[in-house]
Amino acid sequence: MDPNKQNLENPENHSNEEHNPLVTIPSQSPFATLSLSFSLPQVLPANTFFIQPRISTLFSHQPNKVKVPTQASTLTHISLSASSTLSPSKISFKSTLSANPLQSPLSLGPHRPLDPNNGAAIRRATIVWFRNDLRVHDNESLNTANNESVSVLPVYCFDPRDYGKSSSGFDKTGPYRASFLIESVSDLRKNLQARGSDLVVRVGKPETVLVELAKAIGADAVYAHREVSHDEVKSEEKIEAAMKDEGIEVKYFWGSTLYHLDDLPFKLGEMPTNYGGFREKVKGVEIRKTIEALDQLKGLPSRGDVEPGDIPSLLDLGLSQSAAMSQGGKPAANSMKGGETEALQRLKKFAAEYQAQPPKGNKDGSHDSIYGANFSCKISPWLAMGCLSPRSMFDELKKTATSISAASKRNDGESGSSGAGSNWLMFELLWRDFFRFITKKYSSAKKVVEAAPATACTGALA
């Protein structure tokens, strides 16, 4: 055995330790060891000015190992090995991490976790791709990105393929819907800005725009909510393919239904093709809690200097401005204002009116009295754009129904059927869930679906 190595590893050899004080510094933790080895000539080249008398004296007995303490809880000491000569040699670098008692070596090279739900996975920059989830409340992709990233870039793309004429000659997106969408995107930008962030808006294909932005900011991942229609699924596949070529991970979440996709008591391919069967299957399934909006969001990435961009007008999208106006040049009287802010106000107003005059309902969920204009709560446009989540609507109505039921018991001592009056809204949300899940079942571009008998879901397959 090399006598120099014996001296360095023998704790009783005090002469060498006094001469070379960096030789051995023991660690108190026995749990893990980080070992680094590389050729010393690359650190202290013999033909450079770094070999000063003071340094050469320090390493007159050239150490084979140097151990220094560390504050990291998973590492106990660092071992530095060097060759005994100062002749030029090829760089050699090795790094291992061993955790007792398993002593299993793990590479310390760059590692991007596949599961962004892992709290230890801190990303440098993440893109949040907004789609039909134009809100900051109950938004899992936005909250998760903020919890796991140093910086976050929220993005919305106006896809040109969603506008223009269809093969049948109709507008793919009409002026009223486009106006509602523009207002919703504008409101989302304001809500993000109020929390220290912003919204980057582009007109272009997402698979092109997102890749360009990811390269510009050095993004590690793209977070987004999944959608259900055939064209939306195809868009997701294009995004995944483009990001895979760039080595960027794409993580999808589910947040467009009352019941979560992962909580269904059946596989999506085995979902009943009629509403009655679906309703029976989901009885007893717990609805997940609403995710609260964050008061403060992570800032935009400093790299890339990305401009937020302007929100397009109807003319920019190839639509007529006058089509969405009345004859007087003002917005039509029956037009609705888009955006999360308006959606939450409508929901609170609806709940207050419902509490003031609860409709008479039956236990089977039917109602024998009208409520509001056109017998409807008229919140579906905001649900469709994702300005409001089904879970937040359910929570608000549940609070209102509980309050009404408690008041009814105090007034007349009855068990109260006012809660049953709100069941019709619950059933409407269930119908919405059914159509979205059945559309998802048959929308995969990679799946060949066998013919099924025509049921209530036929319209979802169109």
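User: Does Glu 249 count as buried or exposed, and at what relative accessibility?

Analyst: Buried means under 20% relative accessible area, exposed over 50%, and partly exposed in between (1.4 Å probe, protein chains only). Glu 249 has 14% relative accessibility and therefore counts as buried. Please note that this is a predicted model, in which local features need pLDDT of at least 70 and side-chain atom pairs count only at pLDDT 80 or more, while totals for chains, interfaces and linings use all residues. Residues are numbered from 1 along each chain as its sequence is written, and side-chain values use heavy atoms, with hydrogens and water left out.

User: With which side chain does Glu 249 meet in a salt bridge?

Analyst: A salt bridge is a side-chain nitrogen of Lys or Arg within 4 Å of a carboxyl oxygen of Asp or Glu. Glu 249 meets Arg 123 in this way, at 3.0 Å from N to O. Arg 123 lies in strand 5 and Glu 249 in strand 9, 126 residues apart, and the pair thus links distant parts of the chain. Helices (H or I, at least four residues) and strands (E, at least two) are DSSP runs, numbered from the N terminus. Arg 123 is also buried, at 4% relative accessibility.

User: How many salt bridges does the structure hold?

Analyst: The structure holds 15 salt bridges. One of them joins Arg 391 to Asp 138, whose closest N and O atoms are 2.8 Å apart. Arg 391 is in helix 11 (residues 390-412) and Asp 138 in the loop between strand 5 and helix 4 (140-148), so the bridge ties together parts that are 253 residues apart in sequence. Both Arg 391 and Asp 138 are buried.

User: Which residues are linked with Glu 236 in a network of salt bridges?

Analyst: The network links Glu 236 with Arg 131, Arg 226 and Glu 240. Within it, Arg 226 and Glu 236 form a salt bridge with their closest N and O atoms 2.8 Å apart. Glu 236 is buried at 1% relative accessibility, whereas Arg 226 is partly exposed at 26%.

User: What is the nearest side chain of opposite charge to Lys 440?

Analyst: For charge, Lys and Arg count as positive and Asp and Glu as negative, while His and the chain ends are not counted. The nearest side chain of opposite charge to Lys 440 is Glu 236, 4.6 Å away; Lys 440 is buried yet has no salt bridge. Lys 440 is found in helix 13 (residues 423-442). Contact means heavy atoms within 4.5 Å. Not counting residues up to four places away in sequence, Lys 440 touches several residues, among them Arg 226, Val 233 and Trp 254.

User: How many aromatic pairs does a search of the whole structure find?

Analyst: Rings of Phe, Tyr and Trp (its six-membered ring) pair if their centres lie within 6.5 Å; planes under 30 degrees apart count as stacked, over 60 as edge-to-face and the rest as tilted. The search finds 12 aromatic pairs. One of these is Phe 266 with Phe 278, an edge-to-face pair at 6.5 Å centre to centre and 70 degrees between the planes. Phe 266 is buried, with a relative accessible area of 11%, and Phe 278 is buried at 0%. Ring pairs link both residues into a cluster that includes Trp 254, Tyr 275 and Trp 431.
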